[in-house]
Amino acid sequence: MMKDVREVLYDSQAALRLVDSALLDMTGIAEETPAAPPVRSRTPQDADAIVAQGHEALVRMLQQLRASRSMLQKSELDRLAQTHDKLREVSSATETAATDILDGLERATAMVDELDALDGDSTPAPAAGVRSRLRDELFGLVGHMQFQDITSQQLAFASAVLSELEVRLSDLVQIFGAATDEGGVPEMGMAAAFDPSATTLDRETRQAVADAIVAGTGPRA
Amino acid sequence: MKFLVVDDSPTMRRILVNSLQRIGHSQCVEAGDGKEALEKFDSTIQFVITDWAMPNMSGLDLTRALRERPDAAGVPILMVTTRSVREDIVAAVEAGVNNYVVKPFTPQVLKEKIDAILASPATTG
């Protein structure tokens with residue numbers, strides 16, 4: 001059964017409190033009644049008790065930490081891997097959809113060309129005008145399909161962030177105990193090259209910045 | 001005029017090729033990254049349009065590599081990319097691109113930049 005991340009943190013916190021408490025106990029035993037008249041010299045039994053208490057506390061702490069490790073491994077790492085899969089699926093689905101839409105737009109444009117060819121010069125001006133506007137609309141839609149490339153880069157960026165988080169969690173799990181059962185962090189499999197700042201916003205402003213820089217450098221070849 | 005269109009996104013390559021055809025440039029060769037572009041580049045290529053962020057070899061490295069080749073040194077290069085940080089644009093210009101288009105672009109902007117490059121003395125001369 002998977003535990004919520006808050007429960008994992010709560011358990012880890014509880015384990016650390018246990019250690020803290022055990023350390024306090026041990027300090028208490030070690031510094032017991034320093035001002036009391038004649039300090040009783042410690043017996044081997046006292047030392048045994050301290051060691052036994054310390055050992056018991058460490059065992060309990062390790063058990064808690066192992067439990068936390070196991071929960072982190074099972075719940076959070078699994079969930080991250082699922083999120084990777086989902087992002088990959090979305091990226092792939094938009095790529096397929098974009099291809100299909102582009103196919104359709106190209107077919108539609110070809111049909112408008114066909115209509116033009118069929119009518120030849122006999123086409124009434126209004127009909128020719130409508131076809132011309134339709135062709136422009138279809139071409140505009142082709143341009144709008146750039147969203148696919150940009151969102152794909154945004155998804156790749158989100159995946160990279162998740163991958164980093166996954167590596168850190170995996171490292172944390174390994175600190176708690178044995179190596180992960182899955183044999184490390186799974187590969188993302190998404191495009192490695194992306195622009196983390198890819199956006200569809202402020203196109204004109206960004207183009208104006210580029211134009212100013214290019215204009216300032218003079219012609220190149 | 002023969003174009004080499006370089007972008008790792010098949011959708012983007014298609015949009016670029018479509019846009020080029022629309023403005024009368026029907027001869028296009030496509031490449032998915034800088035490395036493939038270098039392999040496909042030959043003396044018949046007269047214009048390069050490249051993305052920046054690509055696996056294997058970026059558009060920036062492709063530009064630098066082309067500028068070092070005697071047969072490509074004078075070929076116009078237009079960078080079409082989502083990268084729009086000032087430092088990136090300066091780096092691209094310093095690497096040797098002739099002009100820079102920010103994605104998402106409009107067909108008008110693409111045409112304007114291609115026309116400007118072709119009309120510039122550095123290209124025509």
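These legends describe close-up views of a predicted model, covering a sheet in chain B and the contact between chain B and chain A.

**View 1. The open sheet of chain B.** Five strands line up in the order β2-β1-β3-β4-β5, with parallel pairing. β2 (27-31) and β5 (99-102) of chain B stand at the edges. Each has a single partner strand, so one side of each is left without a neighbour in the sheet. From one strand to the next, the twist averages 20°. Strands of a sheet pair through backbone hydrogen bonds.

**View 2. Strands β4 and β5 of chain B.** Strand β4(B) spans residues 77-81. It runs parallel to β5(B), and 4 bridges join the two. B:T81 stands opposite B:V102 in β5(B).

**View 3. Helix α3 of chain B on the sheet strands.** Helix α3(B), residues 59-68, lies across β1 (2-6), β3 (47-50) and β4 of chain B. The helix runs at about 175° to β4(B).

**View 4. Where chain B meets chain A.** Chain B gives 37 residues to the contact, and chain A gives 35 residues. The two chains bury about 3,400 Å² between them. Carbon and sulfur atoms account for 58% of that area. In chain B, B:R14, B:R22 and B:P104 lose the most area to chain A, together 21% of what that side buries.

View 5. One joins B:K103 to A:D149, with the closest N and O atoms 3.1 Å apart. The elements giving two or more residues to this side of chain B are α1 (10-22), α4 (86-95), β5 and α5 (107-119). α1(B) provides the largest share, 8 residues. By class, the side has 19 nonpolar, 10 polar and 8 charged residues.

Methods: Residues are numbered from 1 along each chain as its sequence is written. Chains are lettered from A and ligands numbered from 1 in the order in which they are written. This is a predicted model: local features need pLDDT of at least 70, side-chain atom pairs count only at pLDDT 80 or more; totals for chains, interfaces and linings use all residues. Side-chain values use heavy atoms; hydrogens and water are left out. Two strands pair if DSSP finds at least two bridges between them. Axes are lines fitted to C-alpha atoms, for helices over the stretch in contact, and angles run from 0 to 180 degrees between N-to-C directions. Contact means heavy atoms within 4.5 Å. Buried area is the accessible area (1.4 Å probe) that two parts lose on being put together, summed over both. A salt bridge is a side-chain nitrogen of Lys or Arg within 4 Å of a carboxyl oxygen of Asp or Glu. Ala, Val, Leu, Ile, Met, Phe, Trp, Tyr, Cys and Pro count as nonpolar, Asp, Glu, Lys and Arg as charged, and the others, Gly among them, as polar.
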